[in-house]
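Here's a quick briefing to read with the model open in your viewer.

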Amino acid sequence: MRTFGVEEELLLVDGETLEPLPAGEWAATLHEQGADSGHEVTAELQQEQIEVVSPPQTTLAGQLAAIRAGRALADAAAARVGGRVVALPTAPQETTPHLVPAPRYRRIREQFGLTAAEQLTCGFHVHVGVESRQEGVAVLDRIRPWLPTLLALSTNSPFWGGLDTGYASYRYQAWSRWPTAGPTDAFGSPGGYDRHRAALLGTGVPVDAAMLYFDARLSEHHPTVEVRVADVCLHPERAAVIAALTRALVETASRAWLAGAPAPEVPASLLRVWSWQASRTGVEGQLIDPATGTPAPAGDVIAGLLATLRPVLSASEEEDTVEAVLTDILRRGTGARHQREAYAARHDLRDVVAAAVDATHRAPTTAPDAPEPLLA
């Protein structure tokens, strides 16, 4: 069974005021002095962030446990500097981020100006193991049409700078300012991938290969495909299911490649529009159906994704759990709706952060009544 691991970027907030707290580098250093659990807790671009890298897993249950443990470790590190970590992709309040003073980050700030200065966003990255670079590129070419649907399921960032942006994922909009971010055209082969990579680096615009911020890419350091399109999710259960969907998508794409099925001929320019639509409405409206390239109700598109992945999910005994969580997302909305509901009571963004802290760290409870199946 393919291994899969996740990286969660988490917002660091003051434990009392719930305002963004510029102490990420300090908190990460304090964690490094503690016991090693297999997780890594590191600083990110801005001081108001902490990243948690979880060890690779083979099961959905293991992934959920790893996500919970990683959040707890990051929260313990944050507590040492008077903070909490929260699974928010953007800071709801108006804030001025503080750059971590590492040489690489200084270079990025000098190169990209306001884009880097304002970039306080937290994503959810899923690494899925592949056997070779050839398989990895074949997977990248075949998963592209479904990445906007993964984004829609994860949407959790409606607020930015103290305002409701009207987007379900404003993180994706802010992240798309980077010139190397977003969807890619099909590469065709490892050579095609390498030529595209070299051409981008040859421009001198990205400061290094780590700035090739494709929605999905080959890892520079591990034998994995790294899918980077999603918002960090409020609820650990939903994060684990999106990771499981990503692994199933990689496995399904690999099987299609081995069977000789061609990669879908959808240009990156079109995929960018599909992703914009997913970022705008999440699961609350219409998404672009990869089967037709036209709008369809989000529930129908998600059902299509589930049907596509069902053989793999069934083989890994994850189908029932994944279907239940997808049904719950469609019924109760993504994190974007939950944030807006928290805000609606008193129109106080502090309530949004407080509710998000609770959701980020909420302990497992007795399972709710089983939801109606997504598909008959």
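Start with the aromatics: Phe112, Trp175, Trp178 and Tyr213 come together as one aromatic cluster. Keep in mind that this is a predicted model. Across the structure there are 11 aromatic pairs, and a couple of them are picked out below.

**Aromatic pairs**

- Trp160 and Tyr170 make a tilted pair, because their ring planes sit at 55° with the centres 5.4 Å apart.
- That pair ties together distant parts of the chain, with Trp160 in strand β6 (residues 159-160) and Tyr170 in helix α7 (residues 170-175), 10 residues apart.
- Tyr170 counts as buried, at a relative accessible area of 19%, and the cut-off for that is under 20%.
- Tyr193 and Phe214 go edge-to-face, since their planes are at 85°, with 6.4 Å between the ring centres.
- This one also links distant parts of the chain: Tyr193 belongs to helix α8 (residues 190-202), while Phe214 is in the loop between α8 and β8 (216-218), 21 residues apart.
- Both Tyr193 and Phe214 are buried.

**Charges over rings**

- Arg247 has its charged end over the ring of Phe4, 4.0 Å from the ring centre.
- Over the face of Tyr167 you'll find Arg280, at 5.5 Å from the centre of the ring.

**Cysteines**

- The disulfide count is zero.
- Why no bond for Cys122? Its closest cysteine sulfur, in Cys233, is 12 Å away, which is too far; a disulfide would need the two sulfur atoms within 2.5 Å.
- Seen from the other end, Cys233 is in no disulfide either, and its nearest cysteine sulfur is that of Cys122.
- Cys122 is buried, with a relative accessible area of 0%, and Cys233 is buried too, with 4%.

**Strands around β9**

- How many residues of strand β9 (residues 224-231) are buried? Eight of its eight are, so the strand is mostly covered.
- Strand β5 (residues 123-129) pairs with β9 in the antiparallel sense, over six bridges.
- If you want a spot to check there, Gly129 has Thr224 in β9 as its bridge partner.
- β8 and β9 also run antiparallel, joined by three bridges.
- In that pairing, Leu218 is bridged to Val225 of β9.
- β8 and β9 form a hairpin, and five residues lie between them.

Terms used: Residues are numbered from 1 along each chain as its sequence is written. This is a predicted model: local features need pLDDT of at least 70, side-chain atom pairs count only at pLDDT 80 or more; totals for chains, interfaces and linings use all residues. Side-chain values use heavy atoms; hydrogens and water are left out. Buried means under 20% relative accessible area, exposed over 50%, partly exposed in between (1.4 Å probe, protein chains only). Rings of Phe, Tyr and Trp (its six-membered ring) pair if their centres lie within 6.5 Å; planes under 30 degrees apart count as stacked, over 60 as edge-to-face and the rest as tilted. Helices (H or I, at least four residues) and strands (E, at least two) are DSSP runs, numbered from the N terminus. A charge sits over a ring if NZ of Lys or CZ of Arg is within 6 Å of the ring centre and within 35 degrees of the ring normal. Two strands pair if DSSP finds at least two bridges between them.
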